[in-house]
Structures are given as C-alpha cells and as structure tokens.
Amino acid sequence: MTQAFMLNGLTGFSDAQTPDTRQDLTGLFTEKPQSENITFVAKVNAESLLKKPTVKWFKGKWMDLASKSGKHLQLKETYDRNTKVYTFEMQIIEAKANFAGAYRCEVASRNKFDSCNFDLTVHGEWPYYRKTAVQASSDPDVDVWKILSGAPASEYEKIAFQHGITDLRGMLKRLKKMKKEEKKSEAFLKKLDPAYQVTKGQKIKLAVEVANEDVEVKWLKNGQEIQPTGRYIFESVGNMRYLTINNCSLADDAAYCCIVGEEKCTTELFVKEPPVTIVKNLEDQMVMKGERVELECEVSEEGANVKWEKDGVELTRDESFKYRFKKDGCKHVLIINDASKEDCGHYKVKTNGGESMAELLVQEKELEVYQSIADLTVKAKDQAVFKCEVSDENVKGTWYKNGVEVKADARINITHIGRIHKLTIDEVKPEDEGDYTFVPDGYAFNLSAKLNFLEVKIDFVPRQDPPKIHLDCMGRTSESTIIVVAGNKLRLDVPITGDPAPTVIWTKGEKVITEGDGRVHVETTKGHCIFTIEGAERQDEGIYSVVVRNPAGEDTADINVKVVDVPDPPQTPTIVSVGEDSCVVTWEPPLFDGGQPIIGYVLERKKIKSYRWMRLNFDPYPRTTYEARRMIEGVAYEMRVYAVNSIGMSRHSPASKSFVPVAPTSEPIGLCVDDVSDTSITLKWRRPEKIGAAELEGYGVEYCKEGTDEWIPAIDGLTDRTSMIVKNLTTGDKLQFRVRAYNMAGPSAPATLAQPVTIREIMQRPKIWLPRILRQTLIKKVGDTVNIVIPFQGKPRPKVTWSKDGEPLSPQFASVRNSEVDTILFIRKTERKHSGQYDLQVQIENVEDTAKVMLQIVEALKIVDIWGFNVALEWKPPKDNGNCEIVGYNIQKADKKTMEWYTVYEQYRRTNCVVSDLIMGNEYVFRVFSINLVGFSTEPCQTKDSVYIQKTGIVYKPPSYKEHDFSEAPKFTHPLMNRSVIAGYNATLSCSVRGIPKPKVTWYKNKMDITHEAKYRMLSKQGVLTLEIRKPCPFDGGVYMCKAVNDSGEDIVECKLEVRRKYPAAAPSFLWHPPFHPILPLFHPLNITHFISPSSEEQRNKDECVLVENCVFLITGEIGISLRVTGNFTVNPNKYRQNKIPHTRSN
C-alpha cells in the first residue's frame, strides 16, 4: 500500500515535533517521501525547472542506494506531461531487520536543491515507517531512563512490564548509546567518523587524533591487521594518525578499526562504483507489423546493469518471451519478437549515470496488388477465370458474387497457389453473370470485376449485314471513360457483327494502330476485335476510335482511355518556424496529381546523424502545412513528404534543409537606464535566465517615440554586450526602449522600460573624490616627478580650475590635463618652489566643490665620497630658518638591516662632514636635522641612496687591454678587365674587393652614377662584385668604374667596354682547353657568347690562343669540337703569342 501526502521544509522532522502539513510548501518537492508500508513516493514540480531534476536516495549519511538496487530494492520514476510533475518511488521488498535506519531523499536541479529525512523501523515481520524517533511513553512522574540506568540487566523486563514499555529493545539501544557517550576515551582525542564513502578507483584518508603523540596504533580491516603496502599507507604527524587507501576497489568495502593499547575506534567504509554513462544512445525505429525489433545502446562499462522501460513501466522477461535482453560487452540490446501495434511507444534504457530514450512505431504491412482481376465477357458453355496476384503469399481471401460469398462446387473451383488467387467457372450459364469481388483477409480493400454473358441467338438474316460494334458489354464508367492504372494491362474485347466479316481499324488521333506485338496493339478474330495496352503509361491516355467496315456499311465508336498513376513527389518542404520540441513545415503540391485528386500527404523525419526515417502520420494529412512535435531540442533533423491519391503513394520529396528545434530565449532581465545626455542614452541589462540549446547570438535594441507604434533599431545588426549607448537622439523626445535576445529560433519576448524616457541631460552636482593618500601632506624629493590624479563627477561637464596659494597655475609651472571624469596635475621635475597648497575647484553654473592638496618638496642629502670605513657627506642649509639663526645640525646613521638611528654629530656647525668607524660589509643610510633656538626641524634631509662598505682586498680589478683595430681601407684584389662584346648579348664586368667594415660599392659609367639605372644589375657575393649589362648596344660602350668606400678610406678600379654591332661571319671551329695556366686565373663560369677569334680563313687554320671572359680557348682547323657562332670575330696574335699554351690535336 502506498500513501502520499505533502510535507514542509527542506529537511526532515525533528525527534520531538509532529509534522505540520498545513504550512505552505517550500523548496522543489510538491510531495515528499511518504508511506505506511514500505513504498516511498516523492513528487517534484518541474514547471519552473530548465532540465530534468536529479533525485538520489541515501541510507544513513553516505550510502547511495542507486548502486544497491536489486531484488529487495527498486527505484522507479515517471513523468506526467500534462501536469509536468516527476514522480520518484523507492520500494523495499521483503524487508529485513538490517533495513531499519535513517533515510534521506535529495533532489537537485542546477542551482536549486531540496531534501527530506525519514526513518524506517522494522519490528518482527511487519515494517513500518515513522517521521519522528520512537519515544517511550511513561508516567510523567517517573523517570524510566533513570530507573533503567541504575537497574541490573535481569530487572529490565520487569521494569518494562510495570511501566507499560512496549519497545524495550529500542530503549535499551538508546540506553547503551547514552552510556557509551558518557564514557570518554583516554587514548583518542578525536575518533574516526561513523562511516566514510569513496568512489571506486579514488583514494581516501582515515584520520584519528591520539592523546600521546609517541604511541603506536594498529589498523584492522574486518578484524585482520593491515600491513603497509603500496595501497595502504600509514602516516604519523604529531598527534594525528592517518591510514591512506589508494585506488579503492570493491574489496575495500569493509569495517576498519584503529587500536591504541586496549582502546579502539571503528568505522564503516562504503566503496561506491562510478556512475555508468550511456556512450551510444538509442535510435528511433519504425518497423512493419510482425518484424523483429532490436533497440541497441552502448554503455561506458562492461557488465553494467541497465533497466529497460516502456512508457515509464519497467520491462521484464515474461513467459511468452515477448522481450529479450541481450548483453555483449558494453552493448545492451532489447529484442522484441513479432512486433505488434501494442509495442508502439517510447522505450527508455537507464543506468545509474544516465538514460536514453527512443520511439518505436509499428506500421501495418501494406498489401500490394501485382495483378488485379479484369472484366470478362464469355459465351455460353465457355470457361470464365478470374485471376489476381498479391504481394504476400500467406494472405488468404474470400470471393463474393454480388455481395454473396462464392462456394466451391463441381462447376466452380477456388484455388490459392503462392501469391495467385483464382476463381474458375466452367460451362458459364446466364445466371453466372454479375459483379465478382475478391477480399483479402485482414485488409480493408477489395478487387472487383464484372462477368458479362454473351448470348448467341440464331436468327435468319439477309445475305449482307452491315457491321455493328456492341459496346453494351464494355466495363465503362458513366462518363464513357475507361480508367486504367499505370503499369497494369488494359484489354478491351469488343464484339462486332457484320456479314461479310467487317475490317477493323483502330486509331488514336490521326495515327492508325495496326496489328503487332508492340506494347499497344490490336488483334482481330471472328466476331471480336481486341485492343491491348501492355503496362499502361501516362502517354497512352487519350481517345481511341474503332471503325468497322464491310460492303454493307460501317460503324464507328470512340473509347476514352484515362491512365491514372501515383502522383509526382511534392516540392521540397520548407521549415517555416521551429519551437522547443516542434517545427512547422510547409510544401507545395506535386506538379502532377496522377490523374486522381490528392487525398493527403505522409510526412517523415530523421536525425541528421541517423539513417532511419520515422513516419509522423499514418493517415493522409489533407493540408500542406504540418506541425511536427515530440522532437529533441538541440538535435538537427530533416523532413520529407509523400503525396497520396487513390492509386497509391508517390516517391518522397527531396529532404528539407536541416534544422534544429530550438526555442527563443527568455527576455533579458534588469533593463534600466544608466545615463542620459542631450543626444544619447546608456542602457544596461542582464542575460536571459533561459538560454536554451542554441547559442545566444546577440541583443537587438529598439526605440519608438511616445504615441507611435513604430519601433526603430538603435543599431544595424546585433550587439553581444549587455550595455549600449544609443546616440544621435533628438533633445526633448520622449522615447520608449526595449531589448530582445536573439538565437537561432529568432527574437525573444522584449524587455521594456517601465515608462518612456525624456532625452535631456540631468544635472548632477559636482563632487570631488579626493584619494585618501592626498588627504595628508604629499612629500617628494627635489627632482622627483609628481603625477596627481583626482576623480570627480558632475553633469554637464564641469569647469575645472587649479590654483596654488590663491594664484592660478601657469602652464610653465605645472601641467594640467582634464577629462570628463578626472583631472591630472603633472610636474616633470620638482623644485623647492613647488612646495605649498594646491586648490582644486570643480564648478557647474553656480554649484561648485573644492579640495586642497598639500605638497612638500625636500632636498636630499648628498654622498660625496666613500673610502675604507669612511663616508663624506654634504648638504645645503635650509631655505627657511624659522625666523631665527641655525645653530647647528644633527647627523645620524642607520644600518639598513635594522633601520635603528644613531647620532654621529650633535650641534655640528658646517654643511659637510665625514662619518668614520663604519663596519665593513654593512649598508648604511644617513640623515641630517637642522637646529635653531626652537629645536629640531620637522623633517630631516635623508640620503637618496644607501652606502655599502666594501670588504678590503676582495675587489678584483681586471687588467685593461688596448682594443685591436681591425678596420681596413677598401682595396681591390682583382681589377676590372677591358672587354669587347657584341650588341644584343648580356655582358658582365667583375672584380673583387676587401675592406673592414664592409665598404659601400658604387658603379659609374663615364663618371656618371648608374646605381638606379634599370638596365644594370649589381651583384655582390663574398667580396666578388659583378655588374651585369642587359643586352648592351653600342651606346653602352665607355669607361666603367667601381668605387668602394668605408670609414677607413676608398679605392677605385675601372675598365673600358667596347660594344660592336652584329653582322654575319663565318663560324670557326675551336677546341677549349681548361685554363690550367697559372697566369690566366678563372673567377667565374665560362660565358661562350663572347670571345675573340680569327676572322679569315687563313687565321682559322692557324693555332691561336684566345681570351674569353678570363678563359683561354685554342682555335684549331677542321679538327676538334666545333661550335657554330654567329658574329664578327677578331684576334690579336701579338697580344697572346708570348703566352700561347701548347695544345694536342684530338679526334
């Protein structure tokens, strides 16, 4: 039996008070755990909660009952969508004596928390539940506790009988506890807590405080002494003794005891397994009736226990094995055999760390008709066969004639073979004519056809009979239109008469249809003309004409054939709006309805990350706008649509764009005006309380004039800040402002000011906020920098005035910088004249505020020299002698470590002195007081820096060396060489230079600087200088000079360049020998485009040495490697003959 009633407060009842159920509820509970028997129910109102609350059940102080659920303990939860109330139940089955104790129920949701305590007492075999502790009822004049505490144990039952005590055992337990509390431990100052709880895999530290810090303790686990290992660590710190258990496992769930001498203290350690989370969620499924369903999820730990629920009811293995539960490592599968419509619903899998839900839809199988029965026209004694074929071979059916069931007999045969159903009628009689219908069992549709009996009459006719078309036997509609479903076969058996036998012509429009074996063909037999369409298509629709002719005349008939089909797919659906768990989708009808009116539409949706489409409606939906519900917020979906007519369902439309069901945020809170001026206003607000699954994109600020309803955006776009300055407003306007938060779902409800705001600056009295450090005299030394910042307030911007001793400050004396909120007084380098009182005045019209700052500039004591243990000091007399003569000075010293001042000289008359007998290795500071007849000066003159007395003989003076001068004037190590080149081919001039530091190089042509000329390119690499002349012309000839300059001097080198015109010349053959000769060094690679060679046949047959770009070539006759070169070649035999290099002819 379960009984529920309301409780008050966040905690359980006290031991001495009765619960007051008349008080209003507080906290999260709408109903707290109640029971007369052994089932406890707690209800939580979730209307104001943003997410599902978390409920935990505890026994004692720490034991979480979620990990103890099983045979004797079950936890359940349900949710009512209408009332938005969660119901949580804890059921204890077959309670035992050890189930008694204190229990606690806690509920939490984000920053909200509520709890309730209750007790369970088990008496014999009947457990009961109580809110308050059991108290013994006794005579008010007799103290039963006192009698029991002083009586021997053998008298307890007698005393209980005399005073009517029924719960003697409970009282004795309390008495024993009271006696234990009276006894104080001599060995322990602080004992172990009654119980500890730790998560599996973590560590825990048990601590006790002993009276004697030198005593040794023993630790026991379940009565066995614990030896120190890597997992069990003993520590002793003063009076504290610690036992640390690392990497706790389920084996560590035990009773622990600490023993000191003959005393001990015990505790219970509960090891809690970490929550099992769901790694892979369940997926929605849609199956056909009779199919097998497998709902699969994956959890974080192998072998974990999970609980399956359907619509909030726990699933168990029943006798019919309807549900099967399969475990495979981390995978858990719920198997449903032979799914039925009753299995539709929401299935949920739960662990102690999470849950996952999916929806299962079971759809009736659609029976497809592969071949329908057709109308028949037969003669007497002929055989009539009605035949149809359906998709399911297990489906049975019944045949009807004019609504009456057809029974098989000697002449009527009914067969069912596989998917084919046949009704055969032998020796047809006139009474067999009628409407025949086949009805599949279990399906709400039928197949109908008509049997027409053709009666043959024998009459005397003339020799010639005009042709006649008999359409009375045709299965036509009232509109004389024959309708055929696309893909089906249409066969028209038209009876005709005429003598002699007429000829038949079938036409569609102007096209004549002839006999043949095509898809649309005609056939003529005696007394019949047959028109057949195999697999009718949409283009087969139209008016067909049949003409019969013979010598006696002709007859004509028109047959209107209409081909109907399933409609085309609808247009791509569009998502109009989205909500928290819903969306509104709209679409356009299909372009072609299949020849039959659209009955409605079927919609499907799926998650983006899934591959299964879920049908949203099973009955056709007549409109083109649909609101889909029961979606998960924050998950992306797609939608698609099918069109349905009387023929069937179309192909699906293209999927819509993906969308995420999200709800707009709640309105921003705390909108207020922070500041107002003549042309602007500053607004502030706070983030909305409810953001939702979508990110907050920003805020939109709008305003409208009073008396109008036109809201004007304050800025283009959105702002991500929670404050804004709206500018360029008209002074005097009365405006209303509102702020809306935007996310993917659109704008939220607006947050509006309580009343319109007038755009006019509000006068604020001027006020100076003088810093605390400036409320006393500010002392600075001569030469220091003064930077005084003083904030103030006032609107409009106040006028700020500084003065010193009643006179305005001049910019040459001190700098002043003012802003709207503060003023700065700045003196870069102070002097004695800057001492005095500075007055600050902040004024708005006739209202002002003033403040004063005292600045005192003091001169520093100067250290003249330091030697050995002596220091020479010097100072200047004070500028203000106090209107009486200075009679002397008082010189003091102080060690910087202690800063204790000792007098060195008293009544010293001069302004310089030498302080001696200082201690080596110490650091000192000094100060001087001036003395007149009144006494010492108020402030001393103190040294700015300290003095350190060096230890003698330890100062290292490094030897001085004269720095070597590595500088060197520029010098060309290889000069420029005169060159003669051919116009149109690139030419280069090269030389090398050295110098330290690196010299600056400048190139000249005919003493003109060519550094910035585009025709020339200057290169420098490790001292090698190259001037490249791009495609020179005769004009580029002349004297080229290279000049190198650095701080140590300069050097110049020059050469002549001759540029010759191009003209045809014979191509000599030459053999090149590498320049091994020591007098002809090579500085860079060979450039074969420029060389000097013989210009005549005689010279080409002679051996001559030629210099090309500092390379030597040997000109030979007709032997050697030949290279054809175009140009004018000359040679100077006298120039190189003396350095001619011997050569060797080669093949």
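**View 1. Pro-791 and its bridge partner in strand S67.** In S67, Asp-822 is the bridge partner of Pro-791. The model is a predicted one, in which local features need pLDDT of at least 70, side-chain atom pairs count only at pLDDT 80 or more, and totals for chains, interfaces and linings use all residues. Residues are numbered from 1 along each chain as its sequence is written, and side-chain values use heavy atoms, with hydrogens and water left out. Strand S63 (residues 786–795) runs antiparallel to S67 and is joined to it by six bridges. Strand S66 (residues 815–818) is also antiparallel to S67, with four bridges, and here Asn-818 stands opposite Thr-823. A hairpin of three residues leads from S66 to S67. Strand S67 (residues 822–827) has five of its six residues buried, so it is largely enclosed by the rest of the structure. Strands are DSSP runs of E, at least two residues, and helices runs of H or I, at least four, numbered from the N terminus; two strands pair if DSSP finds at least two bridges between them. Buried means under 20% relative accessible area, exposed over 50%, and partly exposed in between (1.4 Å probe, protein chains only).

**View 2. An open sheet of three strands.** The strand order is S49-S48-S51, with antiparallel pairing. Strand S49 (614–615) and strand S51 (637–645) are the edge strands, each pairing on one side only. Two bridges hold S49 to strand S48 (residues 598–607); Arg-605 faces Met-614 of S49.

**View 3. The largest nonpolar core.** This core has 25 residues, and Trp-57, Met-90, Ile-92, Tyr-103 and Leu-120 have the most contacts inside it. A nonpolar core is a set of buried Ala, Val, Leu, Ile, Met, Phe, Trp, Tyr and Cys residues joined through side-chain atoms within 4.5 Å. Among the elements that give two or more residues are strand S3 (54–59), strand S6 (85–92) and strand S8 (112–123); S6 gives the most, with four. Beyond its neighbours within four places in sequence, Met-90 is in contact (heavy atoms within 4.5 Å) with residues including Trp-57, Leu-65, Leu-73, Tyr-103 and Phe-118. Another core, of 23 residues, lies apart from this one and includes Ile-469, Ile-482, Leu-492 and Val-563.

View 4. The structure holds 20 aromatic pairs. Rings of Phe, Tyr and Trp (its six-membered ring) pair if their centres lie within 6.5 Å; planes under 30 degrees apart count as stacked, over 60 as edge-to-face and the rest as tilted. The ring centres of Trp-506 and Phe-531 are 5.0 Å apart and the planes lie at 20°, so this pair is stacked. Trp-506 is in strand S40 (residues 503–508) and Phe-531 in strand S43 (residues 528–533), 25 residues apart, and both are buried. Tyr-905 and Tyr-908 also have ring centres 5.0 Å apart, but with planes at 40° the pair is tilted. Tyr-905 is partly exposed at 26% relative accessibility, whereas Tyr-908 is buried at 14%. Phe-40, Trp-57, Tyr-103 and Phe-118 make up one aromatic cluster.

**View 5. Lysines over aromatic rings.** The charged end of Lys-767 sits over the ring of Trp-769, 5.8 Å from its centre. Lys-804 lies over the face of Tyr-838, 5.9 Å from the ring centre. A charge sits over a ring if NZ of Lys or CZ of Arg is within 6 Å of the ring centre and within 35 degrees of the ring normal.
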